[in-house]
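Biologist: I would like to go through this model with you, beginning with the ligand. Could you take my questions in turn?

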Amino acid sequence: MRLVVTGGAGFIGANFVHTVVRQHPDAHLTVLDSMTYAANRASLAGLPADRVEVVEGDCADPVVTDRLVARLTGPQDAVVHFAAESHNDNSLATPWPFVHSNIVGTYAVLEACRSHDVRLHHVSTDEVYGDLQLDDPAKFTPETAYNPSSPYSATKAGADMLVRAWVRSFGVRATLSNCSNNYGPYQHVEKFIPRQITNILTGVRPRLYGSGANVRDWIHVDDHNSAVLAILERGEPGRTYLIGADGECSNLEVMRLICELMGASGAGSDPGFDHVTDRPGHDLRYAIDASATRDELGWQPQHTDLREGLSATIGWYRDNRDWWEPVKAQVEAKYARTEKVL
Ligand code: NAD
Ligand code: TDX
C-alpha cells in the first residue's frame with residue numbers, strides 16, 4: 001500500500017504517519033507538506049527512511065501534487081488529505097492562506113486524483129456545521145446543514161463542497177470525514193490544550209477565552225486516525241463519516257482539569273488562570289453524533305477517558321520540551337498583541 005499524506009508534518013498527519021508505520025509493515029508513505037509554521041520535521045524523526053519519504057511542497061501546486069499522485073497505481077493506494085491552515089484565531093487575522101491551502105489546495109488534490117483515478121480521503125472538521133446552543137439535544141450528523149462561522153471553517157466547508165462535486169460530477173473515489181476537536185502529542189502550542197500545558201511549564205498563567213462556557217467535543221488524535229484508517233479500509237466512496245468520541249466538555253472544565261493535573265490550581269479565590277478577551281464570533285458548542293460511523297465501520301474510540309488522555313499528553317509535553325520550546329515565546333508574543341486579561 002502506498003499513501004500520499006498531505007500535511008503529514010502537522011499534528012494529526014504526523015500522528016497518522018506514525019500509526020500507519022507501526023500497524024502496516026507493507027505501507028510506504030510520501031508526506032507532502034509545505035512546512036508552514038505549523039509543521040515540524042521533528043514530528044517525523046526516527047521513522048524508517050525507506051518507508052517514509054518527505055517532500056516539501058505546496059499541495060496547491062498542480063505540478064508537484066500531480067507528480068506524486070501519479071505514482072499511486074496499486075489497488076490499495078490512496079491520498080489522505082490532511083493539509084490545511086487549521087487555526088481559527090489565525091484565520092481571523094489573515095484569511096488568505098486559508099483560502100489558498102484549504103480551497104485551492106483541495107482543488108489541486110482533487111484534480112490530481114481525477115487525472116489518475118486515485119482514491120482520496122479528505123479530512124475535514126465538525127466546524128463546517130456551525131455551532132449548537134448549550135442545551136440543544138441535537139448533535140451534528142452527516143445530514144446537518146453546513147453553516148460555517150469563521151474564515152477557517154468557511155474554507156473547510158468550501159473544500160468539502162469541492163470534494164462532493166468531484167465525486168458526483170467526475171466520479172472521483174473520495175470519502176470525507178468531519179471530526180471534532182483533537183488533542184494529543186505533536187499539537188502546535190498555539191492550540192488550546194498544548195498552550196495551557198506549556199504555559200504552566202514555562203511559568204506563564206493559562207489563558208481562558210471569555211467565561212469558558214464554550215463546549216468542545218474532545219477526541220484523542222489516535223482515535224481520529226483509527227477512524228480514518230477504518231474509512232480507508234471499509235468506507236464507501238462518496239460517503240461522509242462523522243468522527244467523535246462523546247467527549248463534550250466546557251473550556252472551563254478542561255482548564256480546571258489541566259491545572260489540577262499539573263498541580264497549578266491556584267489558591268483561595270485565584271483559580272490559577274486568567275480569563276482573557278473572547279474570540280470574535282466564537283462558536284459556542286460542537287457535538288458529534290458518530291453512531292453511523294461506529295455502526296457501519298465497526299469503529300470504536302479507545303481513549304475516551306479525558307483525564308487519562310490529558311495526563312499522558314501533559315507527560316508528552318513535559319518530556320519533549322525540545323519539540324515545542326523554540327516556538328513558544330513567539331506564539332505567546334503574538335497572542336499578547338490582542339489579548340487582554342478581563
Ligand atoms: P496542523 O496545522 O497541525 O497541520 C497542518 C499541516 O498542513 C502542516 O504541517 C502544514 O505545514 C501543512 N500545510 C498547510 N498548508 C499546506 C499546503 N498548501 N500544502 C502542503 N501542506 C500544507 O493541523 P492539524 O490539526 O493536524 O489538522 C489536520 C487536518 O485535520 C486539517 O485539515 C484540519 O482541518 C483537520 N481537523 C483538525 C482538527 C483538530 O482538532 N486539530 C479536528 C478536525 C479536523
Ligand atoms: O488560549 C486559548 N484559550 C481558549 O479558551 C485558546 C488557544 C483557545 N481557547 C478556546 C477557544 C475554543 O473554544 O478553546 C477552544 C479550543 O480552541 P482551539 O484549540 O483553537 O480549537 P478550535 O477553535 O475549537 O478548533 C479546533 O478544532 C476543530 C482546531 O484548531 C480546528 O483545526 C479543528 O477543525
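Predicted model: local features only at pLDDT ≥ 70, side-chain atom pairs only at ≥ 80, totals over all residues.

Biologist: How many residues surround ligand 1, and which are the closest?

Modeller: The shell around ligand 1 holds 28 residues. The closest of them are I12, D33, S86, Y152 and K156.

Biologist: What lies 2.6 Å from an oxygen atom of ligand 1?

Modeller: That is a polar side-chain atom of K156. Backbone atoms take part as well: an N or O atom of the F82 backbone is 2.9 Å from an oxygen atom of ligand 1, and for F11 a backbone N or O atom is found at 3.0 Å from a ligand oxygen.

Biologist: How much of the accessible area of ligand 1 does the protein cover?

Modeller: On its own, ligand 1 has 830 Å² of accessible area, and the protein covers 96% of this.

Biologist: Which elements give two or more residues to that shell?

Modeller: They are α1 (11–23), β5 (119–125) and α5 (151–170). The largest share comes from β5, with 3 residues.

Biologist: And what is the make-up of the shell by class?

Modeller: Around ligand 1 there are 13 nonpolar, 12 polar and 3 charged residues.

Biologist: Changing topic, how many disulfides does the count come to?

Modeller: The count is 0 disulfides, where the cut-off is a pair of cysteine sulfur atoms within 2.5 Å.

Biologist: One last topic, the backbone. Which residues have a positive phi although they are not glycines?

Modeller: D117 is one of them, with a phi of about 50°, and Y186 is another, at about 70°. Most residues other than glycine have a negative phi.

Biologist: Where do D117 and Y186 lie?

Modeller: D117 sits in the loop between α4 (96–116) and β5. Y186 belongs to the loop between β7 (182–183) and α6 (192–201). With a relative accessible area of 17%, Y186 is buried.

Note on methods:
Residues numbered from 1 in each chain as written. Chains lettered and ligands numbered in written order. Heavy atoms only, no water. Near = heavy atom within 4 Å. Polar contact = N/O pair within 3.5 Å; in protein donor to acceptor, adjacent residues only side chain to side chain. Areas by Shrake-Rupley, 256 points an atom, 1.4 Å probe, with all protein chains shown as cover. Helix = DSSP H or I, 4+ residues; strand = E, 2+ residues; numbered from the N terminus. Nonpolar A, V, L, I, M, F, W, Y, C, P; charged D, E, K, R; others polar. Buried < 20%, exposed > 50% of the residue type's maximum accessible area, 1.4 Å probe, protein only.
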